[in-house]
Amino acid sequence: RVVRRHRRCRKTRYRQARFNNRKRADGWLAPSLKHRVETTLTWVNRLISSCPITDISMELVRFDTQKLQNPEISGVEYQQGVLLGYELREYLLTKWQHQCAYCGGQNIPLEIEHIQPKSQGGSDRVSNLAIACHKCHQKKGSQALEQFLEKKPEILKRLLVQAKAPLKNAAAVNSTRWALFNSLKLTGLPIEIGTGGLTKYNRTVQGLPKTHWLDAACVGKSTPTRLKIKTHQPLLITCFGRGGRQKAAPNKRLPIRHNPLKPIKGWLTGDIAKHKTHGIGRITLRSRGSFVLTKPDKTQFSV
Ligand SMILES: [Zn+2]
């Protein structure tokens, strides 16, 4: 034992350093993000195998933050071109959580508002823009922010913080979207990418209501000028777990239970099974060997 221990910590000059030699591969994703990419890919492959699909349109970004932030957008630039305006509007709506920055009003028409008014030298930079309802917008007019919110210091404080903060989840979305794009390329189909602003523009031009599945139909430049929507009910997909991986389930200190190795009698949690009397349902494993069958209407049977 002594010899072994010494061998393991002996310093010899040609030996490579063995500490700190674990690193994550390039393109590593957290399991929660990886699952998003993989689930999407699974369904893309399933649809390809059963439908005559020739192209993929992917919404690569909700908003083109680079377009919004890198070149400081001046007034003329973002008034030119309908798309850029859409991009900016979408970004601002999400940033201000679809509510008036001053009164918190929701589900009302919202306008883009200059925090420091243009008449007082305020710029058209994104950090100087907020979302306000018509009433607040008119009421504020060309007053400075400090003057307008003189009697509401807590709103003033929150507003100044929120104006400067960029959208948080942009980084997480950034990493998954390229991973998804690269794995979609492996399907061999031509991929077209579009932005969220373009999607909204396409949807509005068609006069379609705001839903995720109609948005999906409007992604990219390939969207036809008239979309024929033949259904009112899209295919809704929900992910369920396939059972845990924990082998020893502890209380605070000690293992109190050992979970059996999967599969049990050839079954895994999440398998779809057909029972003689109860019909089709989802299986949940039990180590005792009698499983739980959950029907689509959530009723459960021991089978
Ligand atoms: Zn308001």
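Q: In which loop is Pro263 found?

A: The model is predicted, so that local features need pLDDT of at least 70 and side-chain atom pairs count only at pLDDT 80 or more, whereas totals for chains, interfaces and linings use all residues. Residues are numbered from 1 along each chain as its sequence is written, and side-chain values use heavy atoms, with hydrogens and water left out. The peptide bond that leads from Lys262 to Pro263 is cis, its omega being near -5 degrees. With strands taken as DSSP runs of E of at least two residues, and helices as runs of H or I of at least four, both numbered from the N terminus, Pro263 is found in the loop between strand E6 (255-258) and strand E7 (272-275).

Q: Which atoms coordinate the zinc ion?

A: Donors are N, O and S atoms within 2.8 Å of the metal (3.2 Å for Na, K and Ca), and a site may look incomplete because water is not among the atoms. Along the chain, the donors of the zinc ion follow the spacing C-x2-C-x29-C-x2-C. At 2.2 to 2.3 Å, the coordinating atoms are the SG atoms of Cys100, Cys103, Cys133 and Cys136.

Q: What is the arrangement of the four donor atoms around the zinc ion?

A: Four donors count as tetrahedral if all angles lie between 85 and 135 degrees. The angles subtended by the four donor atoms around the zinc ion are 99 to 118 degrees, and therefore the arrangement is tetrahedral.

Q: What is the relative accessible area of Gln97?

A: Gln97 is found in the loop between H5 and E2, and phi of Gln97 is near 55 degrees, a positive value in a residue other than glycine. Gln97 is partly exposed, because its relative accessible area is 48%.

Q: Is Lys298 buried or exposed?

A: Lys298 has its place in the loop between strand E9 (292-294) and strand E10 (300-302). Phi of Lys298, in a residue other than glycine, is positive, near 75 degrees. Because its relative accessibility is 67%, Lys298 counts as exposed.

Note on methods:
Tetrahedral: all angles 85-135°; square planar, octahedral: opposite > 155°, others 65-115°. Buried < 20%, exposed > 50% of the residue type's maximum accessible area, 1.4 Å probe, protein only.
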